[in-house]
Amino acid sequence: MTAYTTFFGDGEHAFRLTPALIGELETKCGSGIGMIANRLFSRNFAQADVTETIRLALIGGGTTPKRARELIVAYVDGRALIETYELAVKILERTLFGNPSKGTDE
């Protein structure tokens, strides 16, 4: 699975959901990856769908779990969900469909 790299919070970060992290996301959100993606894509999501997708993808991209949690607290918690919604959608699009531009990150 290809990582999605973009500016988030304090700098450039890589986001990647590995198979093990997808399993953890499913546990945290209480449903399968397809249902989580469906909820996000249709804008019928829960807060955990956004925050856990970002947190776990940070870990999969190489951020330590502690630092990932710190980034969530600083740049996701307490903010309007729409500010981070699009990032969660991009992460899930990359996880499910790969990189449509074949080798170049946006």
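Modeller: First, the ground rules. This is a predicted model, where local features need pLDDT of at least 70, side-chain atom pairs count only at pLDDT 80 or more, and totals for chains, interfaces and linings use all residues. Residues are numbered from 1 along each chain as its sequence is written, and side-chain values use heavy atoms, with hydrogens and water left out.

Colleague: How many salt bridges does the structure hold?

Modeller: Start with the general idea. A salt bridge is a side-chain nitrogen of Lys or Arg within 4 Å of a carboxyl oxygen of Asp or Glu. Here there are eight salt bridges.

Colleague: Which residue forms a salt bridge with Glu 52?

Modeller: Arg 55 does, with 2.8 Å between the closest N and O atoms. Now look at the helix. Helices are DSSP runs (H or I, at least four residues), numbered from the N terminus. Glu 52 and Arg 55 are about one helical turn apart because they are three residues apart in helix 3 (residues 47-60).

Colleague: Are Glu 52 and Arg 55 buried or exposed?

Modeller: Buried means under 20%, exposed over 50%, and partly exposed in between (1.4 Å probe, protein chains only). Glu 52 has 14%, so it is buried. Arg 55 has 11%, so it is buried too.

Colleague: Where do Lys 66 and Glu 70 lie?

Modeller: In helix 4 (residues 65-75), four residues apart, or about one turn of the helix. Lys 66 is exposed, because its relative accessible area is 62%. Glu 70 has 34%, so it counts as partly exposed.

Colleague: Which residues are linked with Lys 66 in a network of salt bridges?

Modeller: Asp 10, Arg 67 and Glu 70 are linked with Lys 66 in that network.

Colleague: What does Arg 79 form a salt bridge with?

Modeller: With Glu 83, at 3.6 Å between the closest N and O atoms. Arg 79 has 38% relative accessibility, so it is partly exposed. Glu 83 has 51%, so it is exposed.

Colleague: Why does Thr 84 count as buried?

Modeller: Because its relative accessibility is 5%. Thr 84 sits in helix 5 (residues 82-97). Contact means heavy atoms within 4.5 Å. Neighbours within four places in sequence aside, Thr 84 is in contact with Phe 8, Val 50, Ile 54, Tyr 75 and Val 76.

Definitions and conventions. Helices (H or I, at least four residues) and strands (E, at least two) are DSSP runs, numbered from the N terminus.
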